Amino acid sequence: MTRKTTYAKITAKIIFITMLLTLMTAFIYGQYMKKEAISSLAYVDAKKTSMFVFETLYSAMQRGWNKSDIYEIISRLNRVDPNMRINAYRSKIVADRFGDIDIDKNVRETESSIIKAMRGKEILDISQAGVIKYSYPVTAKNECIKCHTNAEIGDVLGVINVVYPIDNLKISLDEMINFFIVFIIIFSIVIFIAIFFELNIHLIKPIKNFSNVIRNITNSKDITKRVDVCDNIEEIDSIKDTFNEMLSSIEYQFYHDTLTGLENRKKLTEKLEKKVNTFLMIINIDSFQEINDLYGDQVGDVILKEFAAFLIQSAPKKGIVYRLHSDEFAYLCQDKIDLAEFKEFAADLSQKIYKKSFNIDSKGEVSLTATIGISYGSEVLLANADIALSLAKKNRKNYLVYEESMAMAKEYEKNLSWTKRLKKAIDEDRVVPLFQPIVDVKTQKIVKYESLIRISDHEGGYITPIHFLELSKKNKLYHNLTKIMIEKTFKKFEDLSYFVSINISVEDILNKEIHALILEKLKNSPIRDRVVFEIIESEGIENFNQVIEFIDDVKRYGAKISIDDFGTGYSNFEYLMKLKVDYIKIDGSMIKNIDTDTNSQMITQTIVDFAKKMNIQTIAEFVCSKDVFDKIVELGVDYAQGHHFGKPTEL
């Protein structure tokens, strides 16, 4: 396992490395300055000292002092600084003139630095730790020739040797300032480099990786995924663990029922999407609402929790129990099992529920019964089990297994139910028109309305035609609905100044009663020249001549013709030229995304250009936003209709 670190450790590491590098730099630079001081500053100081000694000795000799006096001067100079030693050695030239001295002779012959100095070379010797030795050759000048008659100008007359410790050297203020400037620059560079590389590796990159993983989880909308960032940082690990725990909590709440703790309908649906051969059972508690009404929701919740625990205990462990909603549970088994065994389990479970008593408090109990719907296979199991459950309840069966014939019976039952509702709505005069505004794109003012069929329910809402219109055609109620819409729309607009469009199908046009009703209304109504008949799309017009005849009839009264949902079905450009329509309503499927869909823009532009050449005005429906509206204005559409300007309402 990789050893984890922390940002505190990383910070300490950066500081330690920075200080170490800084100290090393300071030490190296200090050594460099020391060497420079020894090789330059010490050299200058030593030479000045030697010249000072020479001038002192020379002055004494000019006054006629003898050899012992000169040695006394040197002795006194040495007493000035106990750490400094000064010696003067005569050359062979001086020894030949004034007599040799043993110590001078010995030094001239044995000490290499003195030998070199006697040849006229200044010698700086720092080979001994902590000590500087400097040998200064004294050369003959004009005034020296008076006494040293055997010498020539430039000859070495002697060597002054100065010895003193290195710690007496003085470093200049400029050198110190330069040192600290360099030190600060190097320190800053080291800090920057350390922070950049260390934090980039241990902070920026891990956080970036962490962010990318979170973004991927967010984009995929898959809350079952977890963050798995391979970094050895404890803080990142802590954030990762916290985030994963949060995801686990969200996932649990998303996929589990809060009351019973069972997995919910969402989890079951996702499991069924894998389309594995499966047995599914839906268990619905009979008349559970009566228990809630009698004992209260709190007692009902207690019973549901006890019922969930009972199902878990009773169901085979090879499957999973789910709570779908309220009083409905499910049992899913994807293990190997045959239908007979599953039916036997359903029958047994039904009996166990019947015999079981559920506690409502410390003193009371309640008995329950349940109805079970079963489906098996790999396709639409939930819907099939629900159909089996509904039919089992209707036929008072404890359980039923889904069969294909049940789906047909369910559809028939649905159709029968809607037929009754539709007939009742007609009898109770609850078929009503709602009106959606249509605006002029140039002025954005309402100039007309479209009349749309709805059924008013008993709760004050409206049922849209998607639920009943096709069914009305099968049950021969469709033309009744058309008559109602024509009657109510004409009456509504007698006192209004707006244009109004009424939807009619080719079936309506071919129907003699509808045809006659429209002509009668146009003949006797004051709004004849403000009515637009909007021919609804269909797959084709078989009786083309009859449609043209209808158009000619209504236009004689000043009415207008519009083609609905242009761009699909039969309404192509050839039909437009023959039908002589006044408006084209462009299909909403092209309009709703026209602000971003270039194909829709291109098709719409073609329709608009053609319509203008044919002197036909265009209407865009499904205008749901300002962006869509701005685009249709740009394309030259004449009118706009959609929720951006108003939903269908009563006037």
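**Rings, a sheet and a pocket**

Reader: Hi! Let's start with the charges over rings. Where does Lys356 lie?
Author: Happy to! In this predicted model, Lys356 lies over the face of Phe358, at 5.7 Å from the ring centre.

Reader: And what about Lys267?
Author: Lys267 sits over the face of Tyr255, and here the distance to the ring centre is 4.7 Å.

Reader: Nice. How many aromatic pairs does the structure hold?
Author: There are 15 aromatic pairs. Take Phe279 and Tyr376: their ring centres are 5.7 Å apart and their planes meet at 25 degrees, so this pair is stacked.

Reader: Why does 25 degrees make it stacked?
Author: Because planes under 30 degrees apart count as stacked, and the planes of Phe279 and Tyr376 are at 25 degrees.

Reader: Which strands do the two residues come from?
Author: Phe279 is in strand S6 and Tyr376 in strand S11, so the pair links distant parts of the chain, 97 residues apart. Phe279 and Tyr376 are also bridge partners.

Reader: How do S6 and S11 run, and how many bridges join them?
Author: They run antiparallel, and eight bridges join S6 (residues 278-285) to S11 (residues 370-377).

Reader: Is Phe279 buried or exposed? And Tyr376?
Author: Phe279 has a relative accessible area of 11%, so it is buried. Tyr376, at 43% relative accessibility, counts as partly exposed.

Reader: New topic: how much space lies in the largest pocket?
Author: About 1,100 Å³. The pocket is lined by 38 residues, and the closest to its centre are Glu450, Leu452, Pro465, Asn503 and Asp564.

Reader: Which element gives the most to that lining?
Author: Strand S14 does, with five residues. Elements that each supply at least two residues include S14 (446-456), helix H15 (478-492), strand S16 (499-504) and strand S18 (560-566).

Reader: Last one: how do the lining residues divide into nonpolar, polar and charged?
Author: The lining of the largest pocket has 14 nonpolar residues, twelve polar and twelve charged.

Conventions. Residues are numbered from 1 along each chain as its sequence is written. This is a predicted model: local features need pLDDT of at least 70, side-chain atom pairs count only at pLDDT 80 or more; totals for chains, interfaces and linings use all residues. Side-chain values use heavy atoms; hydrogens and water are left out. On a 1 Å grid over the protein atoms alone, a cavity is a set of points where a 1.4 Å probe fits but cannot get out, and a pocket is an open set with protein on both sides within 12 Å along at least five of seven lines; lining residues have an atom within 4 Å of a point. Grid points are joined across faces, edges and corners, and a volume is the space filled by probe spheres set on the points. Helices (H or I, at least four residues) and strands (E, at least two) are DSSP runs, numbered from the N terminus. Ala, Val, Leu, Ile, Met, Phe, Trp, Tyr, Cys and Pro count as nonpolar, Asp, Glu, Lys and Arg as charged, and the others, Gly among them, as polar. Two strands pair if DSSP finds at least two bridges between them. Rings of Phe, Tyr and Trp (its six-membered ring) pair if their centres lie within 6.5 Å; planes under 30 degrees apart count as stacked, over 60 as edge-to-face and the rest as tilted. Buried means under 20% relative accessible area, exposed over 50%, partly exposed in between (1.4 Å probe, protein chains only). A charge sits over a ring if NZ of Lys or CZ of Arg is within 6 Å of the ring centre and within 35 degrees of the ring normal.
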